[in-house]
Amino acid sequence: HEFWSLAFVCFTLYHMCDNMDGKHARRTQQTTRLGKVLDHAIDGSVGITASCRICCVALFDFPESFRFALCCGMVGMLVCHVSEHTTGQPTLGTRFFSADELFLVCSFALAWRAATSSSLVQLGPAFVWYVHSGWILAMTTMALITVRRWQWLCVVMVFFVICFVCPWPAPLFVYAPMFAFVLVANARAESNPKHRITT
């Protein structure tokens, strides 16, 4: 119980600070390209790792699905920032359910796990395939809607295939430089729109 309570406090503080730091920096005119890159780098590494783990052990009782969930999380982050790279508008979810709402659900799931010692949603092993299919459908739909350049859509889809075909941890070694490239390119484009790739 103490472990899950601590996890709830730490994760909730993380996403509260993550939501406030950018707003504070913009309001006080302290934004920098390095800060933008570091902020999203933390989200794309620590943030998705924690969120995926929470989804697998506190939201659903599918701990064996962590690698699959992490691959979906990495695809989601790539889609979000590739969308910003090609259109200037980052997209991670919809106006009804985005990363912010996911973080709130994760915090609630951690609190539930701390209080009851059980996952929030108990579907049983028979539903693993349905949950996985839902995640794949969500990632595919988001990519098709937000990535408006077919070249980049192909890159994202190739990474999705790598996640399923290549042994672990190969997807991590592919994701890290791809994500870093997109983050740096976005930071450059924000200060100089000529650096934005539109092909």
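## Reading rings and helices in a predicted model

Leu-38 lies in helix α2. This is a predicted model, and the dialogue starts from that residue.

Me: Is Leu-38 buried, partly exposed or exposed, and how do I decide?

Reply: The idea is to compare relative accessibility with two cut-offs: under 20% is buried, over 50% is exposed, and partly exposed lies in between. Leu-38 has 46% relative accessibility, so it counts as partly exposed. Sequence and space also tell separate stories here: Leu-38 and Ala-180 are 142 residues apart in sequence, with their C-alpha atoms 9.9 Å apart in space.

Me: Helix α2 has a packing partner, then. How are α2 and α3 oriented to each other?

Reply: Start with the angle between the N-to-C directions; over 145 degrees counts as roughly antiparallel. Helix α2 (residues 33-59) packs with helix α3 (residues 66-87) at about 150 degrees, and their axes are 9 Å apart. The two helices are therefore roughly antiparallel. The crossing of α2 past α3 is right-handed.

Me: Which residues meet where α2 and α3 pack?

Reply: From α2, the contacting residues include His-40, Gly-44, Ile-48, Cys-52 and Arg-53. On the α3 side, Phe-66, Leu-70, Gly-73 and Met-77 are among them. Take a look at Arg-53 and Phe-66 in particular: Arg-53 lies over the face of the Phe-66 ring, 5.3 Å from its centre.

Me: Now the aromatic rings. How many aromatic pairs are there?

Reply: Rings pair if their centres lie within 6.5 Å. By that rule there are 15 aromatic pairs. Take Phe-11 and Tyr-14: their ring centres are 6.0 Å apart and their planes meet at 45 degrees, so this pair is tilted. Both residues sit in helix α1 (residues 2-27), 3 residues apart, which is about one turn of the helix. Phe-11 has 6% relative accessibility and so counts as buried.

Me: What does a stacked pair look like here?

Reply: For stacking, look for planes under 30 degrees apart. Tyr-175 and Phe-179 form such a stacked pair, with 5.1 Å from centre to centre and 15 degrees between the planes. Because they are 4 residues apart in helix α7 (residues 170-191), about one helical turn separates them. Tyr-175 and Phe-179 are both buried.

Terms used: Residues are numbered from 1 along each chain as its sequence is written. This is a predicted model: local features need pLDDT of at least 70, side-chain atom pairs count only at pLDDT 80 or more; totals for chains, interfaces and linings use all residues. Side-chain values use heavy atoms; hydrogens and water are left out. Rings of Phe, Tyr and Trp (its six-membered ring) pair if their centres lie within 6.5 Å; planes under 30 degrees apart count as stacked, over 60 as edge-to-face and the rest as tilted. Buried means under 20% relative accessible area, exposed over 50%, partly exposed in between (1.4 Å probe, protein chains only). A charge sits over a ring if NZ of Lys or CZ of Arg is within 6 Å of the ring centre and within 35 degrees of the ring normal. Axes are lines fitted to C-alpha atoms, for helices over the stretch in contact, and angles run from 0 to 180 degrees between N-to-C directions. Angles under 35 degrees count as roughly parallel, over 145 as roughly antiparallel, 65 to 115 as roughly perpendicular and the rest as oblique. A crossing is left-handed if the near helix is turned anticlockwise from the far one by less than a right angle, and right-handed if clockwise. Contact means heavy atoms within 4.5 Å.
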